[in-house]
Amino acid sequence: MKIDLNLGKKYSVFIDELQEIKLKGKVAIITNPKVGGLWLDFLLQRLDCEQKFIITIPDGEEYKNTASVEQILEQLFSSKLDRKSTLIALGGGVISDITGFCASIYERGIDFINIPTTLLAQVDASVGGKTGVNNRFGKNLIGSFYQPRVVYCESKFLSTLPAREFAAGVAEAVKMAVCFDGELFKFFETHDLKSADEISHIIARCVEIKASVVERDERESGVRAVLNYGHTFAHAIEKITNYKKFLHGEAVAIGMVMANTLARRLGKLSGEQEERIRKVLQKFALPIKFHVEDAAEFYELFFLDKKSENGKIKFILPDGIGKFYASKEIAKDEVIAALKEFE
């Protein structure tokens with residue numbers, strides 16, 4: 001399956017069609033030891049280029065930082081890659097984000113190809129051009145918008161994905177369904193995602209949804225921010241837990257539950273709809289609980305989120321199932337009251 005995108009530049013997402021990649025010049029593949037051990041040979045057998053280099057960074061969200069960027073850039077310069085060279089991201093969201101960022105700044109920009117190996121990266125991080133790394137102040141605060149040359153999503157990669165990682169990807173897909181596609185949400189309610197066809201359907205639909213949003217708002221000045229449903233809460237959770245307790249998708253699942261609580265209090269989501277979303281998350285073994293030590297302190301973490309502007313926090317909430325509500329005018333007391341339900 002091929003999905004053509006026009007997100008600042010034209011490129012395609014191929015689903016289950018990775019047969020051969022022919023490239024001119026040097027190519028550096030960025031991966032981590034875990035993914036490289038499983039799938040690097042698969043890629044190398046299909047890659048035809050002048051010269052290949054393998055750059056491996058440690059696995060984990062805690063390594064999505066400027067130190068890893070420096071490591072990658074150092075090896076790119078040592079290997080004498082030039083502006084006609086290409087980077088290939090082989091891994092999950094961390095690898096996608098950091099490779100794209102390095103491509104965007106190396107010699108003022110070179111091509112990169114995204115080959116996401118997790119469900120989360122295939123339905124979310126692989127499309128849209130957001131790249132970047134974390135620092136001590138928060139998540140993805142250093143980065144750029146930079147579109148790939150092409151994306152290859154292979155459902156076969158998911159055969160080696162731990163169940164917890166797969167569920168984390170489901171969380172990002174559910175996020176899109178809740179905000180944009182009530183029929184897709186019903187698909188999650190009625191299917192277990194056990195077959196390759198079901199998984200490919202989810203990947204394709206999420207790519208289509210995200211592409212339609214990014215085409216309208218590449219730089220996240222408007223509607224694209226809706227893709228962050230659950231993320232404002234999730235980023236605070238990840239910050240509190242030092243990015244070590246939860247996978248990103250797991251934090252997003254909890255963040256959606258928190259956002260739903262606020263939406264219910266504002267009359268945007270019924271109790272029955274809130275429960276339907278909760279049941280889908282539970283169905284795929286996603287966490288839905290988090291103990292907030294201090295609601296006021298948790299609230300302050302929102303201001304480190306990129307979606308806060310001029311001292312106001314933009315909350316993305318479901319408006320029923322299949323629609324969204326975005327506002328910077330939600331009273332602090334209302335948000336605190338929602339957070340107190342988790343104390």
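Let's start inside this predicted model with phenylalanine 290, which is buried at a relative accessible area of 11%. Its partner is phenylalanine 298, and the two rings form a tilted aromatic pair, with 6.4 Å from centre to centre and 55° between the planes. Phenylalanine 298 counts as buried too, at 3% relative accessibility. The cut-off behind both labels is a relative accessible area under 20%.

This pair belongs to a wider group.

Now let's turn to an earlier stretch of the chain. The UniProt record, an unreviewed entry, places a feature named "domain: 3-dehydroquinate synthase N-terminal" at residues 55-167. In the model, that span is 34% helix and 28% strand, and its end C-alpha atoms lie 28 Å apart.

Here is another aromatic pair to look at. In the model as a whole, the count of aromatic pairs comes to 16. One of them joins phenylalanine 77 and tyrosine 106, whose rings are tilted at 45° between the planes and lie 4.6 Å apart, centre to centre. Why does this pair tie together parts that are 29 residues apart in sequence? Phenylalanine 77 lies in helix H2 (residues 66-78), whereas tyrosine 106 lies in the loop between helix H3 (93-105) and strand E8 (111-116), so the contact links those parts. Are the two residues buried or exposed? Tyrosine 106 is buried, with a relative accessible area of 1%, while phenylalanine 77 counts as partly exposed at 48%.

Finally, have a look at two rings with a charged side chain over the face. Arginine 46 lies over phenylalanine 42, at 3.7 Å from the ring centre. Lysine 268 takes up such a position over tyrosine 325, at 4.3 Å from the ring centre.

Notes
Residues numbered from 1 in each chain as written. Predicted model: local features only at pLDDT ≥ 70, side-chain atom pairs only at ≥ 80, totals over all residues. Heavy atoms only, no water. UniProt positions renumbered as here; feature names shortened; annotations may be inferred. Helix = DSSP H or I, 4+ residues; strand = E, 2+ residues; numbered from the N terminus. Phe/Tyr/Trp six-rings, centres within 6.5 Å; stacked < 30°, edge-to-face > 60°. Buried < 20%, exposed > 50% of the residue type's maximum accessible area, 1.4 Å probe, protein only. Lys NZ or Arg CZ within 6 Å of the ring centre and 35° of its normal.
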